[in-house]
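This briefing goes through a few features of one protein model, topic by topic. Please keep the sequence and the 3D view open while you read.

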Amino acid sequence: VYYIEDHLAHCYDPVALTVTPDPSQNLRMLAAVLERWGFGERWAFADSAGDRYLGMPRERCAGLLREADAVVAITEDFRPTLERWGVARDRVAVIENWAPLTDMPLRPRRNAWSASHGLDDRLVFLYAGTLGLKHDPSLLLGLARALAARPAARVVVASEGPGADWLAAHRAALPADNLVLLPFQDFAVLPDMLGAADVLTAILE
């Protein structure tokens with residue numbers, strides 16, 4: 001078993017609370033986890049933003065893929081890289097791991113979830129999901145600050161962990177009380193939560 005992580009953008013440093021080209025903090029956290037699980041030297045951190053590989057070199061990672069009986073990719077977008085690394089096309093299968101759309105029916109804008117959170121008559125910008133080491137929560141804080149002059153607007157964040165904790169610590173600095181922080185929601189109410197959004201928000205860097 002090998003662990004390979006690829007960052008297409010600079011890392012988010014949860015200690016300095018900023019995006020940085022220096023992955024050392026992330027590597028320290030990663031090394032502690034991998035040591036606990038006995039990975040030894042069977043790991044690589046692909047810092048694509050800086051065009052470098054830490055741990056196993058790029059060629060070793062490519063060699064593992066070439067030696068595999070089959071490679072499962074989560075999107076067709078990975079095929080060009082795999083072909084460039086010499087992986088035979090007939091040994092690559094794509095199984096998309098997107099959300100199960102059959103379990104995500106369209107729901108009305110006003111529903112039980114929106115009513116329970118006082119959002120029926122609000123302009124809702126919703127972020128739902130992880131706020132991990134590669135995400136910059138200050139972007140959501142900046143969105144709330146930019147919407148402060150619109151009394152009906154709410155930036156709703158349903159998340160947990162370091163990013164959510166950072167938002168909670170900085171929410172008081174906002175000029176308006178328009179940032180709503182919620183824990184992860186039960187899967188059963190996810191369609192209603194998504195349906196309650198006027199704008200679904202993602203963090204892409």
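Valine 155, in this predicted model, is in contact with Phe125, Leu140, Leu143, Ala144, Leu147, Asn178, Leu179 and Val180, when its neighbours within four places in sequence are left aside. Valine 155 is also named among the members of the largest nonpolar core that touch the most other members, and the points below begin with that core.

**Nonpolar cores**
- The largest nonpolar core has 15 residues, and those that touch the most other members are Leu131, Leu140, Val155, Val157, Leu167 and Leu179.
- Two or more residues of this core come from each of strand 8 (123-128), helix 5 (138-146), strand 9 (153-158) and helix 6.
- Another core, made of twelve residues, lies apart from the largest one, and its members include Leu126, Ala158, Leu190 and Ala196.

**Asparagine 178**
- Asparagine 178 sits in the loop between helix 6 (162-170) and strand 10 (179-182).
- Asparagine 178 counts as buried because its relative accessibility is 3%, and the cut-off for buried is under 20%.
- Not counting residues up to four places away in sequence, asparagine 178 touches Ala144, Leu147, Ala148, Ala153, Arg154 and Val155.

**The two sides of helix 6**
- Gly163, Ala164, Trp166 and Leu167 are buried in helix 6.
- Seen down the axis of helix 6, these buried residues fall within an arc of 155°, and therefore they line one face of the helix.
- Asp165 and Ala169, on the other side of helix 6, are exposed.
- As background, an α-helix has 3.6 residues a turn, so residues three or four places apart point the same way.

**The second largest pocket**
- The volume of the second largest pocket is about 870 Å³, and of the 24 residues that line this pocket, Ile4, Asp6, Phe78, Thr81 and Trp85 are the closest to its centre.
- Strand 1 (3-7), strand 4 (43-47), strand 5 (52-55), helix 2 (58-67), strand 6 (71-73) and helix 3 (79-84) are the elements that give two or more residues to the lining, and helix 2 gives the most, with four residues.
- Sorted by class, the lining has 15 nonpolar, two polar and seven charged residues.

**Proline 80**
- Proline 80 is found in helix 3, and with a relative accessible area of 47% proline 80 is partly exposed.
- Proline 80 and threonine 20 are 60 residues apart in sequence, and from C-alpha to C-alpha they are 28 Å apart in space.

Note on methods: Residues are numbered from 1 along each chain as its sequence is written. This is a predicted model: local features need pLDDT of at least 70, side-chain atom pairs count only at pLDDT 80 or more; totals for chains, interfaces and linings use all residues. Side-chain values use heavy atoms; hydrogens and water are left out. On a 1 Å grid over the protein atoms alone, a cavity is a set of points where a 1.4 Å probe fits but cannot get out, and a pocket is an open set with protein on both sides within 12 Å along at least five of seven lines; lining residues have an atom within 4 Å of a point. Grid points are joined across faces, edges and corners, and a volume is the space filled by probe spheres set on the points. Ala, Val, Leu, Ile, Met, Phe, Trp, Tyr, Cys and Pro count as nonpolar, Asp, Glu, Lys and Arg as charged, and the others, Gly among them, as polar. Buried means under 20% relative accessible area, exposed over 50%, partly exposed in between (1.4 Å probe, protein chains only). Contact means heavy atoms within 4.5 Å. The arc is that of the directions from the helix axis to the C-beta atoms. A nonpolar core is a set of buried Ala, Val, Leu, Ile, Met, Phe, Trp, Tyr and Cys residues joined through side-chain atoms within 4.5 Å.
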